[in-house]
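The sequence and the model are shown first, and the description follows.

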Amino acid sequence: MTEPSFHRFAEQFTDIPRSPLATWIYDSDELFERERNEIFGKMWLCIGREDQIPKTGDFYVKDIDVHKASIIVVRDRDGTIKAHHNVCKHRGNKVEWGRSGKCRALTCKFHGWSYKLDGTLADVPDEERFFGFDKGDNGLKRVNVDVWRGFIFVCLAEKPELPLNEFLGEFGQNFADYPFEAYPTCFTYRTEFSCNWKIVTDAFQEAYHVPHVHGKVLTDYHHDPELHLLESVSFDKKHATFAMPSAKEHRATPAEALGLQHSVNIAAAISHVENADENPEQPKMWGFVGNRVFPNFFCDVLDGLYFTHEILPISKNRTWYEHRMYFAAPHSAAAVYGQEISKVMLRDALLEDLSTLEHTQAAMESGVLDRFQLQDEEIVLRDFYKTIGEVTDMDCFNLEHAKDLA
Amino acid sequence: MTAAANQLPKGFEDLEKHVEYWAKPTENERRLQRDGSDIETIKSYYDDMIGRVEPALEYLNTRDMNAFDEAETKLFSLTLSLAEIAPCVEWYNQVRVIDGVVPERYEVDTVIRKRLAREVNEGLFI
Amino acid sequence: MSEQPETAEELWTEQHPELGKGPVSTKSCIDPEFFELERDKVFRNSWLCVGQETELPQKGSFFVKDLPGLKASIIIVRDRAGKIGAFHNVCRHRGNKVEWEADGRCAALTCKFHGWSYKLDGSLADVPDEERFFDFDKSENGLLPVHVGVWRGFIFVHLAKEPEETLNEFLAEFKDILAGYPIEEMTKGYAYRAELNCNWKVELDAQMEGYHAPLLHRHSAGKAFRDLEKGTFHGLFYKLLKRHRMMSAPFAPHDPWPTEAIAAKFGSSMWLKDGSNEDLGLNPSNSENWGFDLYSFFPNFQLVVTKGVLMFYTYWPVSERKMVYEARFLFMPPKNAGERFAQEFNVCGALRDVQMEDMITVEVTQDALESNVIEGYLLQDEEILIRHAYKVIDDAIEG
């Protein structure tokens with residue numbers, strides 16, 4: 001068997017640029033405006049899971065700050081998920097002020113206008129005093145919403161360019177068998193960062209960093225110098241899937257070993273490879289498969305748990321980040337302990353990823369570094385910026401453009 | 001409630017009762033002690049100590065400052081505490097700076113202090 | 001250059017008609033746009049004092065200076081040849097912070113993100129999986145250098161790609177001040193830091209005039225500032241260069257308070273006037289009432305000297321309404337406990353509390369300026385250094 005080349009992915013995907021990435025992309029007002037319109041204004045954005053709103057009347061509110069949109073996501077009586085702009089048709093007041101809850105109807109506290117869960121306007125106090133008024137024309141403005149494997153997506157365009165399943169393309173096929181529904185127990189971590197949204201998304205699109213950033217938490221990477229090399233990469237539409245290999249032999253710490261008797265954790269899950277020799281071309285679902293759903297959603301699946309990253313820009317240099325970890329429902333105190341261990345390991349690994357972001361932002365604003373040189377294993381990043389360039393018509397690999405902006 | 005005896009060099013037995021409270025080895029500890037005391041406690045220390053600083057320093061000057069033993073370090077810390085609380089008595093007649101920022105706002109920069117304290121008896125310079 | 005007045009009655013401001021006498025605009029202390037211009041045209045275009053050589057005792061010693069208001073983090077390091085270098089603390093790979101410790105000693109600077117490793121001279125030594133890069137030459141990817149210069153043991157950096165002037169040119173005549181004063185030997189002392197909710201210039205102004213001293217410090221050291229005849233403060237001597245400035249100030253005689261007397265006996269008190277002229281480069285007007293000399297360097301660095309204490313201040317902008325104040329009070333290494341006690345008196349028993357009296361005014365002033373109730377400062381003759389400082393900044397922005 002010949003040695004795989006050091007540029008194996010570049011040779012496989014010849015249309016993805018190899019040249020350095022320009023750093024003006026993190027600080028450009030113009031690019032941000034185009035991202036706002038062409039990406040966040042037009043594409044499907046994942047904003048949660050059905051499990052958050054299991055019963056009729058359950059709802060939560062999601063803000064998409066770059067479009068000043070506040071969206072009520074609600075479980076309707078017919079069992080479907082609806083999404084409405086959180087704006088009363090009367091005089092524009094916010095209808096739902098809570099972050100989440102359960103209700104029978106959505107009632108605006110300004111004048112008592114009341115909407116059914118499906119958004120139709122049900123009740124208007126003193127209705128007779130309006131002029132040429134038809135309740136039927138004045139329901140809450142709908143937001144396009146659709147659900148894939150339990151994940152809720154919305155699209156702010158009046159009419160989405162593509163229905164969700166076409167937007168996702170082949171991507172969804174890879175997970176036909178992954179049991180998302182088996183992991184309903186969810187831990188959430190949320191914060192805001194003072195950095196451009198793309199500095200956050202960069203953190204989750206390569207494994208080159210794993211031995212260095214996560215060396216304390218994921219110690220197997222010290223024992224195998226090639227463990228972090230991606231096993232496979234595939235692109236479809238704007239999305240990407242990359243599989244990380246599994247450790248040949250996982251060495252657990254004592255606390256971890258105790259936890260592992262009752263629950264899985266990330267380090268061990270990486271090492272567990274089921275059906276490894278069957279279907280070698282398929283990404284190994286039961287190792288660690290990272291998935292980027294363009295533009296801003298990541299879903300990393302392992303055997304026994306999965307986790308997601310959701311990133312939304314608030315402004316050019318502020319970003320909202322939400323991280324969720326999903327486990328099987330624990331059936332014992334010991335299992336809860338096992339999940340705690342896993343949660344803590346993952347949280348610590350996450351904090352390692354995120355410690356650098358705001359410093360990088362300052363460096364970008366100062367203009368001191370004009371380019372990032374990305375290697376072959378960082379191909380998922382390079383593909384991301386190729387895609388951004390296509391959608392916004394601004395070439396992210398054009399170093400010269402920095403001069404135009406100065 | 002007896003203070004441990006004989007923590008100070010001979011000749012300074014009258015100050016033994018202040019050792020536990022005022023013989024703090026670092027500036028931050030001395031500041032905290034000042035700030036956490038009432039003015040009567042401070043005045044009482046000042047009255048006991050102001051006449052004893054000179055003899056204490058004369059004694060300590062005969063010793064190698066970079067190699068003080070425990071008793072000498074404690075005696076010396078007492079003199080440094082006197083310097084710390086002197087403004088309360090000689091200037092303000094109260095514990096804190098009159099019309100000043102609260103002490104936490106004017107922080108000891110321990111990172112720089114440690115760099116400056118290299119090569120000496122650090123305990124006396126932090 | 002200014003000429004020394006023949007008599008104390010002559011006004012300093014009259015000698016500098018270019019400064020005017022009218023109110024000085026407060027806009028530069030509150031306007032966010034001005035702040036950005038100031039950051040780029042003043043701070044990123046000047047020599048800035050970031051520390052002292054004594055902080056790098058050995059080869060491999062380093063410290064990091066974080067300057068968030070200037071969007072910069074700088075590593076200052078003494079390399080294997082003993083030379084001092086400075087670099088942007090930004091990894092050439094993807095902009096991560098390379099060095100996270102405040103100081104230390106190391107053989108190489110390694111970025112914890114992907115393991116890129118730089119030698120002490122900034123060159124890129126090791127890149128994990130180097131072969132997987134494209135058209136990549138390590139020799140072109142070292143840490144981005146920052147210009148560095150040293151004067152009298154103080155380390156200066158310049159953030160421009162090519163500074164318009166050398167450090168010596170920047171210091172102008174002040175490069176020769178304090179000849180004979182043992183700055184390089186005054187290596188022991190105290191250090192303080194304060195985060196203040198005011199523009200950096202508002203706190204700097206507080207330390208560029210003695211007009212306030214008899215009153216604001218009336219409980220504390222004010223007696224040392226109060227002219228015995230008039231009860232007010234009069235500088236002995238002011239000198240304005242193109243950008244830097246200085247004041248030589250008197251101390252009024254006073255009966256030492258009890259702890260001060262002890263300190264003066266075993267060491268010295270900084271509050272006692274000292275007219276003796278021992279050729280240390282102090283007391284330029286040769287006055288028998290001399291108290292201290294204050295040198296204020298453009299943009300944000302001050303040295304205040306008495307015979308026994310060297311006070312070193314820097315004022316860092318964070319935003320138009322936030323700043324970081326840093327102070328060091330440095331002494332000759334004390335020879336015995338008595339000298340060490342005197343130092344403690346000077347700082348912990350006096351100067352520190354006096355600084356805290358100054359600071360209470362600055363945050364309320366900032367709020368008042370932002371309310372736009374006044375639009376200009378009314379400055380008297382003894383506040384000439386403040387007038388000069390604002391003009392120099394304005395000229396730098398417009399220039």
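In helix H10 of chain A, the buried residues are Leu357(A), His359(A), Thr360(A), Gln361(A), Ala362(A), Ala363(A) and Met364(A); a residue is buried if 20 or more other C-beta atoms, placed from the backbone, lie within 10 Å of its own, exposed if 12 or fewer, and partly exposed in between. Because seven of the ten residues of H10(A) (residues 357-366) are buried, this helix is largely enclosed by the rest of the structure. Just after H10(A), Gly367(A) has a positive phi of about 75 degrees. Helices (H or I, at least four residues) and strands (E, at least two) are DSSP runs, numbered from the N terminus.

The model is predicted: local features need pLDDT of at least 70 and side-chain atom pairs count only at pLDDT 80 or more, while totals for chains, interfaces and linings use all residues. Residues are numbered from 1 along each chain as its sequence is written, and chains are lettered from A and ligands numbered from 1 in the order in which they are written.

Chain A also holds an open sheet of four strands in the order E5-E4-E3-E6, with antiparallel pairing; two strands pair if DSSP finds at least two bridges between them. Strand E5 (81-85) and strand E6 (100-102) of chain A stand at the edges with a single partner strand each, so one side of each has no neighbour in the sheet. Within the sheet, E3 (residues 58-64) and E4 (residues 69-75) of chain A pair in the antiparallel sense over six bridges. Val61(A) stands opposite Ile72(A) in E4(A).

| Domain of chain C | Residues |
|---|---|
| Domain 1 | 13-26 + 178-398 |
| Domain 2 | 45-172 |

The centres of these two domains of chain C, taken over C-alpha atoms, are 32 Å apart. Their contact involves 14 residues from domain 1 and nine residues from domain 2, where two residues are in contact if their C-beta atoms, placed from the backbone, lie within 7 Å. On the domain 1 side, strand E17 (residues 310-319) of chain C gives the largest share, five residues.

Elsewhere in chain C, Gly82(C) lies in the loop between strand E4 (72-78) and strand E5 (84-88). Gly82(C) counts as exposed because it has 9 C-beta neighbours inside 10 Å.

Chains A and B do not touch, and their nearest C-alpha atoms are 21 Å apart.

Conventions
Domain bounds come from an automatic or database domain assignment.
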